[in-house]
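Please open the structure in a viewer and keep the selection panel at hand.

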Amino acid sequence: MSAQAQQSEEEWADIAPDAARRLVIAAVQAFAERGYHATTTRDIASRAGMSPAALYIHYKTKEELLYQISLVGHRLALDILERPALADGSPAERLADAVRSFVRWHAEHHTTARVVQYELDALSPEHRAEIVGMRRATDAAVRGIIEDGVRSGDFDVTDVPGTTLAVLSLCIDVARWFSTEGRRGPDEVGDSYAALALRMVGAAGA
């Protein structure tokens with residue numbers, strides 16, 4: 001098994017049975033490569049080594065597959081950001097940790113992240129509303145750290161909501177351009193973006 005295939009298996013290990021997990025992995029690859037609307041259920045089933053009829057045993061629609069991918073991805077994103085948001089340490093330490101971890105995930109899982117972050121509008125209204133709620137929670141986690149820094153005098157920020165959006169957008173965009181064949185790995189990109197985020201909020205010594 002290739003390193004990328006092994007990573008995909010680990011990423012979706014909580015999805016069972018095996019056939020459902022294979023379909024999710026295949027859907028991620030197809031959506032990232034072709035886009036949600038250009039991908040058919042036949043494309044997904046073929047990538048998973050299954051018949052189109054077998055797909056419907058586990059997922060009623062293509063949109064249900066996208067929802068499963070989005071739900072898992074956004075839960076991971078929220079967990080990544082809430083840990084430093086609730087941790088001890090200075091605002092600068094917590095913001096750097098949050099950005100470093102969030103960027104690293106978007107780099108290491110850039111294929112999944114592209115689907116999770118950029119196919120939101122393809123979800124049904126009900127599913128989209130649920131995912132938007134989770135995105136608001138991720139925004140609140142980062143905004144809370146920045147607000148703490150402003151209150152303590154560690155950060156010099158006049159527009160907290162706008163700065164929060166800028167920091168998160170910077171992190172998310174990594175999924176769009178990151179390549180495993182590039183010069184920098186996930187750790188190096190994470191460290192670079194953490195330093196950049198601290199400069200954006202005017203942290204002392206940044």
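**The contact between two domains**

In this predicted model, four residue pairs are in polar contact between domain 1 and domain 2, both residues of each pair having a pLDDT of 80 or more. To see the two parts, select residues 3-58 as domain 1 and residues 62-200 as domain 2. Their C-alpha centres are separated by 25 Å.

Next, display the interface. Here 19 residues of domain 1 touch 17 residues of domain 2. About 1,600 Å² is buried between domain 1 and domain 2, and carbon and sulfur atoms account for 69% of this area. Now select E11, F31 and Y36: these three residues provide 37% of the area that domain 1 buries against domain 2, more than any other three residues. How many salt bridges does the rule find across the interface of domain 1 and domain 2? The number is zero.

Continue by colouring the helices on the side of domain 1 that touches domain 2. At least two residues of that side come from each of α1 (3-11), α2 (18-34), α3 (41-47) and α4 (52-58). The most is given by α2, with six residues. By residue class, this side of domain 1 consists of eleven nonpolar residues, seven polar residues and one charged residue.

**A salt bridge within a helix**

Side chains of opposite charge can pair when their charged atoms come close. In the whole structure, the search finds 13 salt bridges.

**Confidence along the chain**

Finally, colour the chain by pLDDT. The average is 91, and 95% of the residues score at least 70. Where is confidence lowest, and where is it highest? The lowest mean, 55, belongs to α1, and the highest, 97, to helix α9 at residues 160-172.

Methods. Residues are numbered from 1 along each chain as its sequence is written. Side-chain values use heavy atoms; hydrogens and water are left out. Domain bounds come from an automatic or database domain assignment. Contact means heavy atoms within 4.5 Å. Buried area is the accessible area (1.4 Å probe) that two parts lose on being put together, summed over both. A salt bridge is a side-chain nitrogen of Lys or Arg within 4 Å of a carboxyl oxygen of Asp or Glu. A polar contact is a pair of N or O atoms within 3.5 Å; within protein, one must be able to donate a hydrogen and the other to accept it, and residues adjacent in sequence count only if both atoms are side-chain atoms. Helices (H or I, at least four residues) and strands (E, at least two) are DSSP runs, numbered from the N terminus. Ala, Val, Leu, Ile, Met, Phe, Trp, Tyr, Cys and Pro count as nonpolar, Asp, Glu, Lys and Arg as charged, and the others, Gly among them, as polar. pLDDT is the predictor's confidence in each residue, from 0 to 100.
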